[in-house]
Amino acid sequence: MTQKNTRNFAIIAHIDHGKSTLADRIMEQTQTVSDRDSKAQLLDDLQVEQAHGVTVKSRTVRNYYHADDGQEYTYNFIDTPGHVDFTYEVSKSLAASDGALLLVDATQGVQAQTVANLRLARDNHLVVIPVINKIDAAAADVDRTAEQIRALAPEFATVEILKISAKTGLNVHDVLEAIHTRIPAPVGDVKQPLKALVFDSQYDAFKGIIAYVRVVDGKLTTADKLTLMANNQTVAANEIGIFAPQRVATKQLSAGDVGYVVTGLKDPQALRVGDTLTSATTPTATALPGYQPSQSMVFAGFYPQGDHYHDLQLAVEKLALNDTSFHYHAESSDALGAGFRCGFLGIFHLQIIRERLHDEYGLDVLTTAPNVTYRVHLKNEDEPVIVNNPIAFPDYAKIDFVEEPLAEATITTTSESLSDVMKLATQHKGELQDMRNQGDLVVLVYQLPFAEIAYDFFNALKSVSHGYATLTTELSGYDIADVVKIEVHVNYAKVDALSFVVHREDAPKVAQELVHKLKFVIPRKLYPMPVQSVVEGKALARVDVPPLRKNAAANGEKKSTSKKQALLRRQSVNKRQAAHSDIELPQEVFNAVLDLEK
Ligand SMILES: Nc1nc2c(ncn2[C@@H]2O[C@H](COP(=O)(O)OP(=O)(O)OP(=O)(O)O)[C@@H](O)[C@H]2O)c(=O)[nH]1
């Protein structure tokens, strides 16, 4: 079979519009998987994906399709995630594709991620096939959805929009035909030196790093010695193969093919996604453009529970290899010891990484309260200090002013929940920029501090809108903000890992709420321990964590004054000792900071 019969495409859509269901149907109708296998969810195989019912990793699968024109085609498709926190995964997949199926749910119409993903596809010069899905559903409004799609891009005004049910399989055949008639065959020259884009990777305990590649030019065989162009590192091709959907070894991958290479590299940091793989003996002159590194929006500290620092280090290295939008570097805290400062695309991403550490590596990590990046301008300094860890937030006396990141949030909701959604956005310091109708739905554009949406905004939005509202966010710049650091002192000793940054106007309320929550989660000691929220050197709130046993010096005890004084003296000795002793910090303590209504 020649490359003219190969098609590489991605399936993109807003979350839950049916990508994985369509991927399953395509595999079924091309007999890539047996009927028995297709009963199980084939692609979303990570435990976190099954637990949340969403895709977080892109999946690549090769299918063979006997088309109506009598020819056999190779279809390499990449199923991509739909959640806004995983857009980076989508952009990597698109760079390895020539076309995209853009799926729109007929019951919901065009949504925020539909627009965002279409933009990514067009940036990558892909041929986009619009597909309306769920036409079998009672609430489907196919005509309205078609109208919305036509309005999205000029080229959609004339192309045929396919109308399918991925669930029942209705018209999926039309999709299979459109793929080879509308999406171009890969261009690339088998005779040129090898040039392959590493678009994803995975760490296998036995085989080491497995690179997922799209071969752009040339051929790749196991006989080749290869070079990774970013740092000129030579690697082997111990095994090469395709995804069917499990890895199946082949003898050769040539220009236009999508497959994998078992590199034999054992150091998880040795390979960078976006790198170009070439031949060590006849290398190509220029590397492929690769990807823009992703920008972390939310940061949190990960600390091992117990004596597992090195296990955690290995696990984060391997996860970062598999998820290039997850970043980390070593940090330490007085209270928690050695750990890692980790960067995420959003709070859902953080949650998924935590769960993957648990599911795939058996590690439970202590997670400190998440925060955004601040630009702190110091007095008499020209350049701002970039702070993504509240522990490192400079002393308030040295600060001239602080800038915080702003988000442009696009919320699509129903008119019934409009007023509740607007109230929520205002509570989170949102300023309305634009409001328009999209069919029966209302689209609201807000500008608000990124920190306000970084925590619980998405869940709150889902709850006030009864699950209907959707959200996409984009960093829209930095602006001056009056923020302060809240420090927590337990028994007069600062617990650095509990520090966080809030707007000054919210500080008194947050400080009160925090100490009242901490009172119940800080493990008790034999003596009472004051817990204070301290802002700019002043304690704004205080409570006492009660002692484990009865306080012998408390009033109401029938004791002589001298006995009480003796006890008080002993307790004050305890107290001084305690100020130096370790305070245990279980995850609930950090959750108390996390759950605050900031
Ligand atoms: N009625 C109907 N339901 C469908 C159809 N296609 C998918 N669904 C349902 O829609 C839900 C979401 O489908 P998925 O295929 O998981 O959606 P997805 O786009 O892959 O979701 P993410 O990967 O998380 O973005 C599931 O409950 C499917 O059963 C369809 O054609 N008709």
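Colleague: What end-to-end span should the 15 residues of helix H9 have, and what separates its end C-alpha atoms?
Modeller: This is a predicted model, in which local features need pLDDT of at least 70, side-chain atom pairs count only at pLDDT 80 or more, and totals for chains, interfaces and linings use all residues. Residues are numbered from 1 along each chain as its sequence is written. The expected span is 1.5 Å times one less than the number of residues, helices being DSSP runs of H or I with at least four residues, numbered from the N terminus. For H9, residues 347-361, the expectation is therefore 21 Å, and the end C-alpha atoms agree with it, lying apart by 21 Å.

Colleague: Which residues of H9 are buried?
Modeller: A residue is buried if 20 or more other C-beta atoms, placed from the backbone, lie within 10 Å of its own. By that criterion the buried residues of H9 are Ile347, His349, Leu350, Ile352, Ile353, Arg356 and Leu357.

Colleague: How many Å separate the centres of domain 2 and domain 3?
Modeller: An automatic or database domain assignment supplies the bounds, giving 195-279 for domain 2 and 298-367 for domain 3. Between them, 8 residues of domain 2 are in contact with 5 residues of domain 3. Taken over C-alpha atoms, the separation of the two centres is 27 Å.

Terms used: Two residues are in contact if their C-beta atoms, placed from the backbone, lie within 7 Å. Helices (H or I, at least four residues) and strands (E, at least two) are DSSP runs, numbered from the N terminus. A residue is buried if 20 or more other C-beta atoms lie within 10 Å of its own, exposed if 12 or fewer, and partly exposed in between; C-beta atoms are placed from the backbone.
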